[in-house]
Amino acid sequence: MKKKRIIMHIDMDAFFASIEIRENPKLKGKAVVVGADPKEGKGRGVVSTASYKAREFGVYSGQPISLAWKNCPHCIFLRPNFPLYQKVSQNIFKILKKYSKRIEKASIDEAYLDVSFLGDFKKAKKMAEKIKKEIKEKEKLTASIGIGPNKLIAKIASSYRKPDGLTVVEEKKVKEFLFPLPIEKLPGVGEKTAKILKYYGIRKIRNIVQIGKKFMKEILGKRGEELFYLAQGIDNSPVLTKRKAKSIGKEITFEKDESRKEIIYKTLKSLCQEVFKACQKRNFKFKTIMVKIRYQNYETHTKQETLPSLPLTFLDFFHIAKRLLSSFLNKRKIRLIGVRVKK
Ligand code: TTP
Ligand code: MG
């Protein structure tokens, strides 16, 4: 018989905002937004994150900062201090590493721990309580933890009761836990996929299973089939201790919407330089180049090309990115451009 897996997912609560509040106790309990400068509603760029208090006013990650300002003019808006967040992240990972050697860094504030060696969920829960306590004592921050028989369930469970949550979902409770949740809880179900599914009346995870594999495949292809398995809580992906970046990218929002080609290409060139440098530094070999463009009205497009031969010089790289982007350039004003490379 296959050994029972027990996976833990740890995710810090309102990470950047919580650190800012920790650093400045006057902010405690306040609506704090970390992100771009709102410039009294005229600011560009987006919200990195918001404290739970600020979320009550409709502020969320990725939201245009101008809209955050509109929704919550009395919020306290702070610029991010990335070096500090990196340092805190390192401290957290130092703590987590003591609990399991099998650890995957999923993002700056998120990790998977394979704790199958504990043998049962009760022990895993005890360990999670200990981890939360240690993080609180040492870093004065709260984390939410989910425990499940795989990464999928652990991740959904950690977000189930945030902030400062702890949710355990044993194998036999997986369906009961998953089925009533909205489809957006499944990884990869973003706005576009959700819209398609909702068109067919699929709103809850349960509906994906009810409608069946064949239908899911018909409407979403291979992805639909994958979702059919995820909806049943099936996920065999391992905790990757040596996870490598799958892509490296950089994007920028213009100070003012831009339609001048020379400025756009100049900006693209400096983005390409940063990405190329980062790839060299990390010895990241990529095969695909992708550009992203967002017009003034937020309509967003991407275009990518997979390279036939490697390696390539910076200028080759830039010229491909330029060619990809040029197909989107017309008289329309542009808000954002980005470039990303993938394995
Ligand atoms: P998340 O874990 O997604 O968010 P969070 O920790 O702020 O809040 P939650 O309690 O819901 O987990 O992301 C971690 C940090 O990454 C977040 O504090 C800021 C940064 N981030 C961005 O800069 N932009 C984004 O769009 C997102 C989602 C996160
Ligand atoms: Mg978080």
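**Ligand 1 and its contacts**

I looked up Lys162 beside ligand 1: an N or O atom in the Lys162 side chain is 3.0 Å from an oxygen atom of ligand 1. I count a polar contact as a pair of N or O atoms within 3.5 Å. This is a predicted model, in which local features need pLDDT of at least 70 and side-chain atom pairs count only at pLDDT 80 or more, while totals for chains, interfaces and linings use all residues. Side-chain values use heavy atoms, without hydrogens and water, residues are numbered from 1 along each chain as its sequence is written, and chains are lettered from A and ligands numbered from 1 in the order in which they are written.

I noted a polar side-chain atom of Tyr52 at 2.5 Å from an oxygen atom of ligand 1. For Met12 the backbone supplies the N or O atom, which lies 3.0 Å from an oxygen atom of ligand 1. I then checked the cover: ligand 1 taken alone exposes 560 Å² (Shrake-Rupley method, 1.4 Å probe), and the protein buries 68% of that.

**The shell**

Which elements give two or more residues to the shell around ligand 1? I found strand S1 (7–12), helix H1 (15–23), strand S3 (47–50) and helix H2 (52–55). Helices here are DSSP runs of H or I with at least four residues, and strands are runs of E with at least two. There are 14 residues around ligand 1 (a heavy atom within 4 Å), and Ala14, Thr49, Tyr52, Arg55 and Asp109 come nearest. I sorted the shell into five nonpolar, four polar and five charged residues, with Tyr counted as nonpolar and Gly as polar.

**The disulfide**

I found one disulfide (cysteine sulfur atoms within 2.5 Å). Cys72 is joined to Cys75, with 2.1 Å from S to S. The disulfide is right-handed because the torsion about the S-S bond of Cys72 and Cys75 is about 90 degrees.

I kept one rule in mind: most peptide bonds are trans, and most residues other than glycine have a negative phi. Lys162 and Pro163 are joined by a cis peptide bond, with omega about -5 degrees. I placed Pro163 in the loop between helix H6 (151–158) and strand S8 (166–168). Asn283 has a positive phi, near 55 degrees, and is not glycine. I traced Asn283 to the loop between helix H11 (261–281) and strand S10 (288–295).

How values were computed. A polar contact is a pair of N or O atoms within 3.5 Å; within protein, one must be able to donate a hydrogen and the other to accept it, and residues adjacent in sequence count only if both atoms are side-chain atoms.
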